[in-house]
Number of protein chains: 4
Amino acid sequence: MNYNEIIQRVRYKDTDQMGVVYYANYFIWFEVGRSEFFRAMGMDYKYLEQNEIFLPVIEAYCQYKSPARYDDLLKITTKLNFLQEVKLGFQYEITHAEKATLLATGQTTHAFVNKDGKPVALRKRNPFFWKLIKDKIQEEKDV
Amino acid sequence: MNYNEIIQRVRYKDTDQMGVVYYANYFIWFEVGRSEFFRAMGMDYKYLEQNEIFLPVIEAYCQYKSPARYDDLLKITTKLNFLQEVKLGFQYEITHAEKATLLATGQTTHAFVNKDGKPVALRKRNPFFWKLIKDKIQEEKDV
Amino acid sequence: MNYNEIIQRVRYKDTDQMGVVYYANYFIWFEVGRSEFFRAMGMDYKYLEQNEIFLPVIEAYCQYKSPARYDDLLKITTKLNFLQEVKLGFQYEITHAEKATLLATGQTTHAFVNKDGKPVALRKRNPFFWKLIKDKIQEEKDV
Amino acid sequence: MNYNEIIQRVRYKDTDQMGVVYYANYFIWFEVGRSEFFRAMGMDYKYLEQNEIFLPVIEAYCQYKSPARYDDLLKITTKLNFLQEVKLGFQYEITHAEKATLLATGQTTHAFVNKDGKPVALRKRNPFFWKLIKDKIQEEKDV
């Protein structure tokens with residue numbers, strides 16, 4: 001299983017005067033999704049940063065299908081999309097947890113950089129983490 | 001001239017613990033960009049909503065080239081990308097206002113909907129606004 | 001028991017370049033705290049709004065004791081502070097869920113208003129909700 | 001003159017489903033207010049941080065008088081409130097720039113700390129900045 005699911009509730013803060021969730025906030029849920037993905041994989045993102053590997057976003061995309069509203073329970077599904085020497089891709093699906101309606105889909109791409117923002121080859125910089133991700137992606141192919 | 005430029009300063013609030021602007025915040029600047037684009041075109045977005053035309057985002061994309069930092073002055077350049085019966089596209093460029101470095105580029109696509117969230121044909125629903133946008137796009141082609 | 005506890009995890013989004021949570025974000029956790037307090041009391045805040053009772057904040061205060069950091073699990077404890085004809089007070093405590101350190105305390109005061117923003121006397125406008133809150137406060141005194 | 005005024009426009013992002021600005025966002029304007037106050041005083045806050053003096057908020061308060069709405073132009077007035085060995089106080093007023101209605105007032109208190117979060121005596125740590133603030137406060141008394 002190379003995906004991870006978590007539940008988040010829409011806060012009043014997330015809404016705007018259209019009565020729905022403001023579009024930029026979906027990217028925050030994507031962050032929560034990949035953060036929990038890392039945790040489930042056994043490698044909390046904070047440990048990566050403590051080891052001076054950072055994963056800044058270099059590309060982000062979201063397609064909005066149906067609006068999320070205040071107090072809705074959302075299910076965020078996060079999958080690894082690809083792994084390359086210096087970058088990593090995730091894809092996301094946000095559905096209404098109770099109605100199962102698809103609300104949004106998206107992707108983010110992340111570079112591997114050191115604390116000075118310079119690109120690093122993850123395979124060399126942290127072979128353990130590299131292998132964890134590699135294996136996750138392999139699992140999918142094996143299914 | 002079918003584009004509009006405005007300046008925004010990076011707030012402490014916009015930064016994250018990586019010491020740079022959090023990725024979702026660029027979409028807020030895109031909002032500021034198109035809001036000022038509407039104003040410069042002579043049609044404030046708030047009047048559109050008062051006339052019960054709403055432009056929810058149905059697609060959003062951002063590519064991050066170089067990080068924005070606290071207190072940076074940013075120039076947001078907004079252009080009309082396309083106009084169709086029921087949707088509208090913008091593109092954005094964010095540069096460091098003093099160093100002229102390109103920081104990010106992006107696009108958003110917006111549906112025309114009524115207060116119940118149903119799609120409306122802008123040409124019929126508000127011919128004046130339709131023509132304003134049409135003319136803006138034509139200007140570009142005429143250059 | 002007239003209080004309610006919930007757990008929230010600090011997101012990357014919540015941090016700023018000082019490496020800790022940005023001060024305004026504690027007020028978002030206060031919102032989550034009172035939202036869950038209403039739910040636990042049997043009166044979701046969204047139903048109040050559907051019944052055209054709104055509780056805008058008229059006063060907010062936070063004292064910061066120790067910084068919350070990325071990925072920390074926080075416990076938000078929310079209590080009813082007071083109930084008056086046209087307003088309601090909450091108090092909050094945010095502690096580190098694992099270390100039990102006190103991070104912040106705060107209060108908010110809310111007016112009861114209708115959809116036009118005019119004050120309403122809750123006791124008349126929604127006696128059921130009034131009684132729910134009254135009883136909650138009484139519980140405390142009885143202990 | 002020991003105060004500073006700046007103008008900010010309400011973004012769509014700032015609103016919530018009540019159709020007004022979400023309460024926590026006023027604290028972001030307070031930040032913008034004090035950031036510009038430092039700049040006007042000749043000591044940008046970013047230089048303070050480069051000199052390893054940080055001013056985390058230890059107390060924050062806001063009283064909401066009248067709601068700010070989308071696209072409103074707001075005037076943020078920031079004043080020094082007090083200066084002590086290890087802390088500093090600001091007060092703020094937010095008014096509707098065109099209608100001159102008072103929307104909110106507030107205060108924040110800041111500690112002087114080093115990069116490890118330890119309190120520092122500003123008078124010793126940075127006598128130049130200490131004097132700048134001292135003089136600002138004196139100006140007021142001299143009026």
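I count two strands as paired if DSSP finds at least two bridges between them. Helices (H or I, at least four residues) and strands (E, at least two) are DSSP runs, numbered from the N terminus.

I am reading a predicted model, where local features need pLDDT of at least 70, side-chain atom pairs count only at pLDDT 80 or more, and totals for chains, interfaces and linings use all residues. Residues are numbered from 1 along each chain as its sequence is written, with chains lettered from A and ligands numbered from 1 in the order in which they are written.

**Strand pairing, A with B.** I looked up β2 (residues 57–64) of chain A. This strand runs antiparallel to β2(B), and 5 bridges join the two. I checked one residue: A:E59 has B:Q63 as its bridge partner in β2(B).

I took contact as C-beta atoms, placed from the backbone, within 7 Å. I find 15 residues of chain B in contact with 15 residues of chain A. On the chain B side, α1 (26–41) and β2 (57–64) each supply at least two residues. The largest share, 8 residues, comes from β2(B). By class, I get 13 nonpolar, 1 polar and 1 charged residues on that side. Here Ala, Val, Leu, Ile, Met, Phe, Trp, Tyr, Cys and Pro are nonpolar, Asp, Glu, Lys and Arg charged, and the others, Gly among them, polar.

Technical notes:
Contact = placed C-beta atoms within 7 Å.
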